[in-house]
Amino acid sequence: MSVLVCDLGFSSAKWMYEDRKGRIISAFRYDGDNLMVGEEALLSSGSSYLKTMEELVRFYPEFVGHCFKAAKAEGTVTLAVGLPFSYWQDQNKPGGAVPALAKALSGALVTDVAIFPQGLGGLRDYLDNVEERPDGNVLGIDIGFNTIIFTLFSPQKRQIIYGKTLNKRGVHQMATSYLLPRIKDLAPSGTFTPVEIAFLIEKGYLQYGFERHDVRKEINDAGVAYIEHILRDVQGELQAHVGMHADFDRVLLFGGGAALLKDGFPAKNIEVIVMPVPEFANARGFRSLAGGM
């Protein structure tokens with residue numbers, strides 16, 4: 001049985017099927033009758049990125065349908081999808097959003113639906129590719145557009161020690177608080193809509209008329225400064241909720257935000273690993289957890 005992965009977040013849906021993979025921008029345009037998603041919606045007036053958990057769950061089936069087409073999936077499949085950790089934890093119960101979403105995603109071509117907590121996929125992908133399970137704890141940080149999900153995992157006990165979704169964090173906050181001050185001379189208006197920020201991060205340049213300004217170095221510098229800030233916040237959260245058991249030997253960075261760290265991350269007395277092709281780390285882990293290749 002083939003596994004189709006559709007890992008929908010607030011920036012894009014990452015899909016994997018057999019040896020193929022791709023992304024669909026998490027933009028949509030809905031006029032009450034017609035729904036348009038992806039880059040086509042992003043480029044039309046009245047479009048918006050997915051912003052809330054309610055929108056994410058509501059439009060999940062539509063994005064899965066587009067993933068089916070983009071992947072050219074054939075026959076019946078096992079479908080593996082993800083939701084932010086805290087939401088998954090809160091809603092994975094009878095009558096909750098997790099079983100409701102599983103029912104909504106089931107269909108003639110989908111024999112089974114597996115819904116995993118985002119963050120766990122990246123950890124699974126890392127453990128699948130190391131020769132020996134690490135002795136110490138591993139901290140996974142999944143950096144999305146509007147969320148950061150951190151998960152403290154014990155490889156030896158094979159269990160999550162603590163995890164949490166930090167809302168209103170991620171690439172958007174990094175851009176507004178750390179990137180825009182660095183490029184303010186290139187942005188006279190000083191303001192960007194969320195869609196414009198996402199476009200700026202995706203392309204890595206600003207263009208005015210006949211002038212194009214490459215800001216990839218500024219994006220990387222802002223990303224490094226932002227991750228240092230986030231690590232301090234996460235350490236504080238772990239100390240408050242886990243106490244002495246909050247130690248970890250290495251940090252895994254993945255998700256679309258980690259892809260901004262093109263030049264790596266300067267480690268300081270701790271091993272920090274930016275996962276290969278980090279925006280697909282969760283999807284690779286979900287495929288493994290669902291029993292796929």
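The largest pocket in this predicted model has a volume of about 490 Å³, where a pocket is an open set of points on a 1 Å grid over the protein atoms alone, places where a 1.4 Å probe fits, with protein on both sides within 12 Å along at least five of seven lines. The volume itself is the space filled by probe spheres set on the points, which are joined across faces, edges and corners.

Around the largest pocket there are 26 lining residues, and Ile201, Glu202, Gly256, Ala259 and Leu260 lie nearest its centre; a lining residue has an atom within 4 Å of a point. At least two lining residues come from each of β2 (12-17), β3 (20-25), α7 (194-203) and α8 (216-241), and α7 gives the most, with four. Helices here are DSSP runs of H or I with at least four residues, and strands are runs of E with at least two, numbered from the N terminus. By type, the lining divides into 13 nonpolar, six polar and seven charged residues, with Ala, Val, Leu, Ile, Met, Phe, Trp, Tyr, Cys and Pro counted as nonpolar, Asp, Glu, Lys and Arg as charged, and the others, Gly among them, as polar.

A word on conventions: residues are numbered from 1 along each chain as its sequence is written, and side-chain values use heavy atoms, with hydrogens and water left out. Because this is a predicted model, local features need pLDDT of at least 70 and side-chain atom pairs count only at pLDDT 80 or more, while totals for chains, interfaces and linings use all residues.

Let me turn to the salt bridges, of which the structure holds 10, each being a side-chain nitrogen of Lys or Arg within 4 Å of a carboxyl oxygen of Asp or Glu.
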